[in-house]
Amino acid sequence: MNTSDKLNEECGVFGVFFSDPKKDASSLVYYGLFSLQHRGQESAGIAALHENAIEYRKGMGLVGEVFTQEVISSLKGSAAIGHVRYSTSGGSCPENAQPFVSHFKLGSIAVAHNGTLTNADVVRELLEDAGVGFTSSSDSEVIINLIAKNYKKGLEKALTDTIKFIKGSYALTVLTEDALVGARDPNGIRPLCLGKLGSGHGPGGAAGWILASESCAIDAVGGEFVRDVEPGEVVIITKDDLLSFTFSEKTRRAVCSFEYVYFARPDSLIDSVDVYGARIRAGEILGRESAVSADLVIGVPDSGVPAAIGYGRATGTPYGLGIVKSKYVGRTFIAPDQGSRERAVSVKHNVIGSEVRGKRVVIIDDSIVRGTTSRRLVSILKTAGAKEVHMRICSPPVRFPCYFGIDTPHRKDLISNMNSVAELCASLGADSLAFISVEGLLESIDPGSSRSEYSGYCLGCFTGEYPIPVAGEDR
Ligand code: AMP
């Protein structure tokens, strides 16, 4: 659990399997990871299967920093998996970079995991008592050690036994000496989808198959999106077959709603929902729920922009580009203290003064967590001459920690947990502030859905109601 006050996002996984042993999967995984870089910028890694042996490279940094052309060319393999990481469980250090690779008596496997296990400590202790050694503090190593321990029962049984034991959120890619496996937790909290590559002699008449956290990565390597991996489903791809089964009888879809709000790329489809469309609808709904008379609506790049377009359409407010974001500043969340976070935010966003001067401006962002970004934006807009600044947020107030893959700060640092909307508005220095309602957010993702335990989405960080029981909150 995070004891610093940083909030990190989750990870991205990507896997490719070619039936033809001469094909090169590693370079496709490399490009796939580039498209998933927004899901994790701390470490990157690729494990590849070449002539029945699994080799890997991983390290701290961006995909382009960890993998030179030379490294990629040396990582040959007709099947490969890759991972980009932000720490959500375990610290930020090279030992926790993924994929994890295990060479054991019966063979070798590699695992890349997006999500957080809620019972990792218990499983780890049981494994340690049974003499299993760990090299990292990551919960994902628990998964690979469980699979390795059960491997003598055969791959399918090893997977089902492992998966029945672990609790929490997981989208997994597993590479064995003859298969690529994808699995998604029974609630499908983290996304995972299946794609195919060209036509050939492999299973399903395809030349190759892809597993990816987001469909944008399938597009990036020229693949064709096939479908989402279902909650509680395991997909096993081998040279001759694509086998799928459901390992859990109790599946209840509870996809992370924050994927649509912030994490996912707008050109991705997550569980059949087009992320861009969901963000546009969120803006339209905000416009219906909390319109204000204004001369201009602007969005905070990147995820606030579609919502600003939607708000403009719904209210008739002219849409413009008022904020420019530097593409080269890392995520402000990972700065170690408030001072450096504020400096990073200052470098990250700037105002187009000529666009906002003298105007009543509505500014839309995806979320407020600590309030650092919003406070700064209100201040720079006012300094640039905006007459009024009205903040609109296309997620409800973040009041509760996430236990399923987002490393939220302490509850006391969630500004909406400590303040009413009016207090928050005053502390940001805005002329008005409004958040989308929980019902509005659901409607934006899945028009027609209603707020209930079975809405299909996890809203835990907004409502405190989680799809899986979580041990007593200590924050
Ligand atoms: P804050 O500045 O603490 O209020 O955080 C809100 C800002 O950070 C918004 O501009 C979001 O786009 C961005 N944000 C929201 N969630 C995350 C996250 N998990 N990781 C990094 N940035 C985020």
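Colleague: Does S272 count as buried or exposed?
Modeller: This is a predicted model, in which local features need pLDDT of at least 70 and side-chain atom pairs count only at pLDDT 80 or more, whereas totals for chains, interfaces and linings use all residues. Residues are numbered from 1 along each chain as its sequence is written, and side-chain values use heavy atoms, with hydrogens and water left out. Buried means under 20% relative accessible area, exposed means over 50%, and partly exposed lies in between, with a 1.4 Å probe and protein chains only. The relative accessibility of S272 is 63%, so S272 counts as exposed.

Colleague: In which loop is S272 found, and what is its phi?
Modeller: Strands are DSSP runs of E with at least two residues, helices are runs of H or I with at least four, and both are numbered from the N terminus. S272 is found in the loop between β15 (269–270) and β16 (273–274). Most residues other than glycine have a negative phi. S272 is not a glycine, yet its phi is positive, at about 65 degrees.

Colleague: Where is E51 found, and is E51 buried or exposed?
Modeller: E51 is found in the loop between β2 (43–50) and β3 (53–60). Its phi is near 45 degrees, a positive value in a residue other than glycine. With a relative accessibility of 70%, E51 counts as exposed.

Colleague: Is the peptide bond from Q98 to P99 cis or trans?
Modeller: Most peptide bonds are trans. P99 lies in the loop between β4 (79–85) and β5 (100–104). Omega of the bond from Q98 to P99 is near 5 degrees, and this bond is cis.

Colleague: What is omega for the peptide bond from P301 to D302?
Modeller: D302 has its place in the loop between β17 (296–299) and α10. The bond from P301 to D302 is cis, with omega near 0 degrees.

Colleague: Why is α5 called oblique to α6, and what is the handedness of their crossing?
Modeller: Axes are lines fitted to C-alpha atoms, for helices over the stretch in contact, and angles run from 0 to 180 degrees between N-to-C directions. Helix α5 (residues 140–150) and helix α6 (residues 155–165) pack at about 135 degrees, with their axes 8 Å apart. Angles under 35 degrees count as roughly parallel, over 145 as roughly antiparallel, 65 to 115 as roughly perpendicular and the rest as oblique, which makes α5 oblique to α6. A crossing is left-handed if the near helix is turned anticlockwise from the far one by less than a right angle, and right-handed if clockwise; that of α5 and α6 is right-handed.

Colleague: How many charged residues has the contact of α5 with α6?
Modeller: Contact means heavy atoms within 4.5 Å. I143, L146, I147 and N150 of α5 meet A158, L159, D161, T162 and F165 of α6. Ala, Val, Leu, Ile, Met, Phe, Trp, Tyr, Cys and Pro count as nonpolar, Asp, Glu, Lys and Arg as charged, and the others, Gly among them, as polar. By class, this contact has six nonpolar residues, two polar residues and, as charged residues, one.

Colleague: How far apart are the axes of α9 and α10?
Modeller: The crossing of α9 and α10 is right-handed. Helix α9 (residues 275–290) and helix α10 (residues 304–315) pack at an angle of about 45 degrees, and their axes are separated by 6 Å.

Colleague: At what angle do α9 and α16 cross?
Modeller: The crossing of α9 and helix α16 (residues 438–445) is right-handed. A278, R281, A282, I285 and E289 of α9 make the contact with G440, E443, S444 and I445 of α16. The axes come within 8 Å and cross at roughly 145 degrees.

Colleague: How many disulfides are counted?
Modeller: A disulfide is a pair of cysteine sulfur atoms within 2.5 Å. The sulfur of C402 is 6.2 Å from the closest cysteine sulfur, in C256, which is too far for a bond. C425 is in no disulfide, as the nearest cysteine sulfur, that of C394, is 17 Å away. The count of disulfides by this rule is zero.

Colleague: Is C402 buried or exposed?
Modeller: C402 has its place in the loop between β21 (388–393) and α14 (415–418). Its relative accessibility is 12%, so C402 counts as buried.

Colleague: What distance separates the C-alpha atoms of A426 and V16?
Modeller: A426 is found in helix α15 (residues 421–428), and at 58% relative accessibility it counts as exposed. A426 and V16 are 410 residues apart along the chain, and their C-alpha atoms are separated by 51 Å.
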